[in-house]
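Please walk me through this structure, starting with its surface charge and moving on to its salt bridges and backbone.

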Amino acid sequence: MATRVRETERKYEPADGGLLAGVPGLGGGEEILLDAVYHDTADLRLARRGVTLRRRTGGADEGWHLKLPVGGDMREEIRTKDVKRVPKQLADLVLGLTRGEPLAPVGHIRTKRRRWELLDDEGRVAAEVVEDDVAAQTLGQSSEIKAWREVEVELVEGGDEVFDAVERRLGRPSDAPPKLVRLLGDRLPGERKQPNGITEYVQRHVKEITQQDMRIRQDGEDSVHQMRVASRRIRSILQAYKGNRGLIRELRWLAGVLAPARDLEVLREHLQAEVATLPSELVLGNVRQRLMETFAPREQRARDEVLRTLKGERYFALLNRLDTLQVTPAHKKERLRKTKRRVGRAWDNGTLHDVRKAAKRVRYAAEATHKPKLARSMKKLQKRLGAHHDSVVARQELRAMGIQSHLDGDNAFTYGLLYGCELRRAERVEDSLPHNRKV
């Protein structure tokens, strides 16, 4: 069974004259010996994404540790018991990075650690302060040995004011990377400079896909939606700038797999919220129970399909193509104008859902080309039409549930009432649409 902890820490250069001398509240001073072997693919796919996987002995948390970046000074650590091989539970969480490539030892780090507790005025442990003497060796076809000292301060019950107190003694945080990154050094490629702003935009959302991949595997809130949005953004840019059609098809396939898991959840939560606003005398029959019985199995099947897809070779091949994707924005202004004209054509000849899809493409193209005013206006239109489309889907579901309720001998009144509410929601959207539909 895995345990999860959030760590907020900063690194510092060791101070002359003793660690944090003169800082009030510093107590303890125990010494710990830590021995860790780090695992990665041969081409260091985990380390390149800021992820580390290690087996460590010594200390109170012996076992396997998977560290994932969260943002800023924060990382999430997932810990499992000590076993000989990489635990499947942890290996599965990083499948979107390893993509079937084997994990093997890439670094061995021994640390002689001195540990203190920094107490606040009420005697609580505000932070843990450690000074590490590190001896490290790369593993694999070649071996390199390095040694260094560093200080780490990890918050426990304190906040950023703890860092302020520490930095009055030690100075600003160091820019030293994590221990494994420091050991690997030049084996890790530097950040690749993108040839243009549109490719930079696309690659930012490629990274978002891999980030949300790990969150989906952990059942992270809103993770399916965020991956779906990132894939749509990339697809919209490829469509606007005549990108590879095969890649566009694969992105559409991925979005199609993600869609049911997200849409069913949103619809269920919306209908549950609508029922909750009704007076109790208008909620007739087993409405709440039927909502759960209708949606829960479908949501679970949709999630299972997402997880199956995220373990498949087709998905891994798509990620590999996206990693090296570059967009050549030939005739950038003209391509944006043509994309904008799609909205007008949809207004004239299509459905409101067609308008929404066209507006979404324009919005993402405008974001990539730094047209914030156009992006905001398209986002506003997209949001309105999204509510309209949600109403159409909700009415279809309510009609089906109402019919089934009647066939089961239950009262179908509330489903008809909710149907009317959804119809009115769509009418309000239609009334709010702009009369001047020029983009």
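Lys242, Arg245, Arg249, Arg252, Arg321 and Lys338 together form a positive surface patch. A patch of this kind is made of residues with over 30% relative accessible area and no salt bridge, where like charges are joined within 9 Å and nonpolar side chains (Val, Leu, Ile, Met, Phe, Trp, Tyr) within 5 Å. Lys and Arg count as positive and Asp and Glu as negative, while His and the chain ends are not counted. The place of each charge is taken as NZ of Lys, CZ of Arg, CG of Asp or CD of Glu. The largest share of the patch, 3 residues, comes from helix 8 (residues 245-277). Helices (H or I, at least four residues) and strands (E, at least two) are DSSP runs, numbered from the N terminus.

The model is predicted: local features need pLDDT of at least 70, side-chain atom pairs count only at pLDDT 80 or more, and totals for chains, interfaces and linings use all residues. Residues are numbered from 1 along each chain as its sequence is written, and side-chain values use heavy atoms, with hydrogens and water left out.

Arg321 lies in helix 10 (residues 313-323) and is partly exposed, with a relative accessible area of 38%. Lys242 sits in the loop between helix 7 (223-240) and helix 8, and at 65% relative accessibility it counts as exposed. Here buried means under 20% relative accessible area, exposed means over 50%, and partly exposed is in between (1.4 Å probe, protein chains only).

Lys242 also has a positive phi of about 55° although it is not a glycine. Arg99 likewise has a positive phi of about 55° and is not a glycine. Most residues other than glycine have a negative phi, and most peptide bonds are trans. Arg99 is found in the loop between helix 3 (95-98) and strand 6 (104-119). With a relative accessibility of 9%, Arg99 counts as buried, whereas Lys242 is exposed.

Now the protein as a whole. Its secondary structure comes to 14 helices and 8 strands, and its C-alpha trace spans about 75 × 60 × 45 Å along the principal axes. Of the 439 residues, 46% are buried. The accessible surface comes to about 23300 Å², with 48% of it belonging to carbon and sulfur atoms; such areas come from the Shrake-Rupley method with a 1.4 Å probe, and for residues only the protein chains shown count as cover. There are 85 positive and 67 negative side chains, and the centres of the two sets lie 10 Å apart. Among contacts with a separation of 6 or more, 69% are between residues 24 or more positions apart, where contact means heavy atoms within 4.5 Å.

How many salt bridges does the protein have? The count comes to 51, a salt bridge being a side-chain nitrogen of Lys or Arg within 4 Å of a carboxyl oxygen of Asp or Glu. In one of them, the side chains of Lys11 and Glu150 meet at 2.8 Å, N to O. Lys11 lies in strand 1 (residues 3-12) and Glu150 in strand 8 (residues 145-155), so this pair ties together parts that are 139 residues apart in sequence. Lys11 is buried at 11% relative accessibility, and Glu150 is buried at 2%.

Glu422 forms a salt bridge with Arg425, the closest N and O atoms being 2.8 Å apart. Both residues lie in helix 14 (residues 413-432), 3 residues apart, about one turn of the helix, and both are buried. Another salt bridge joins the side chains of Arg115 and Glu117 (3.3 Å, N to O); Glu117 is partly exposed, with a relative accessible area of 28%. Salt bridges also link Glu7, Arg54, Arg56, Asp61, Lys67, Glu77 and Arg79 in a network.

Ala36 is in strand 2 (residues 26-40) and is buried at 4% relative accessibility.
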